[in-house]
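Let's take a look at how some side chains sit together in a protein model. Have the sequence and the 3D view ready.

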Amino acid sequence: MLTPTIIAQILWTSLATSSYYVLFSLAFSLVLKINGAFNFAQAAMMTAAFYAAYTLVGILHLPGWVGFLGAIAGSVVLAVLTELLGFRLLRRRRAEQLFVFIFTLILSEFVAFLAMLIFGSFPTTIFSSLVWPVTLVGPVAVSGWDVPALASTVAAVAAVFLLLRFTKIGQAMTAVSDNAELAELYGIRQARTFLAAMIAAALLVGLGMFLYGSRAQVQPNTAIDLMIFAIAATIMGGIGNLAGTVVMAVVLGIIQNGSVLFIPSQWQGFLLYAFLFAAIIFLPNGIRLPERYKMSRRISTDAVAIQHKPEA
């Protein structure tokens, strides 16, 4: 029987667990907006982040903060290698977007295969236990994982907003996403901008995978499944619309976790594919937000070029 207490508990838990979905979706949407790449290799970055943290904490028994740094390092290193040795070479050879996507798909499967060879296919976690201390806030049980996860996610989203709105590299990203060739003519280095976007996405992925791996079991192919969610949120939020992606990731996360009220838990995975089909068929352009609600704002290439002009 549904009671207000049960509904409030499920809504809170759903909101807390949507934190890593927001980070994965925002990272995917950011690279798609700036680099124009359908970066399925993000699954490889997620796998590298988790197993780096798992090696440091779960195997070597080092403190959790070391595992967090390991997750960030694993994700960033793979992102830089993917950009320098993959995307950059494919751009020079003017490869079609289809081949770029195939490259990212193969890379994600390859990293998952390596992880299975090294760590096995059994599910595992960063910490030895997934049980966190619980505090009652009124009728709602708040775990020791919930608040840090939500706080770090809000801080990460705010950092992306500030990066895009108020920094030179962020405004260069916006200019490149609007017209990469014109931005290059005005002196904005595409290669550096693309690399910066990949690193920013890798930081989001590293944080997200550390949060996920400290709350749920992970297998080598888990990241590939999580990518379906990120893709659905990106499409429904509107491709290129980072704020819309964040909102849709929260909404979809609450719907998926809250669905336990109405459908058996084994059918929750089915919802992901239903979301994706619905996004492609009914919302191919996503939900459009007014310009003032977007994380990045349109800025003229001239203005960015002036900021990047070297001093005499």
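About how many helical turns separate Tyr51 and Tyr54 in helix H2? They are separated by about one, because they sit three residues apart in helix H2 (residues 42-59); helices here are DSSP runs of H or I, at least four residues, numbered from the N terminus.

A quick note: this is a predicted model, where local features need pLDDT of at least 70, side-chain atom pairs count only at pLDDT 80 or more, and totals for chains, interfaces and linings use all residues. Residues are numbered from 1 along each chain as its sequence is written, and side-chain values use heavy atoms, leaving out hydrogens and water.

Now for the rings. Searching the whole structure turns up 18 aromatic pairs (Phe, Tyr or Trp rings, with Trp's six-membered ring, whose centres lie within 6.5 Å; planes under 30 degrees apart are stacked, over 60 edge-to-face, the rest tilted). Here are two edge-to-face ones:

| Pair | Centre to centre | Angle between planes |
|---|---|---|
| Tyr51 and Tyr54 | 6.2 Å | 90° |
| Phe127 and Trp132 | 6.1 Å | 85° |

Tyr51 and Tyr54 are both buried (under 20% relative accessible area; exposed is over 50%, partly exposed in between, with a 1.4 Å probe and protein chains only). Phe127 is partly exposed at 23%, and Trp132 is partly exposed at 28%.

Tyr20, Tyr21, Phe24, Trp145, Tyr212 and Phe229 make up one aromatic cluster. Over the face of Trp145 lies Arg215, 5.0 Å from the ring centre (the rule: NZ of Lys or CZ of Arg within 6 Å of the centre and within 35 degrees of the ring normal).

Methods
Helix = DSSP H or I, 4+ residues; strand = E, 2+ residues; numbered from the N terminus.
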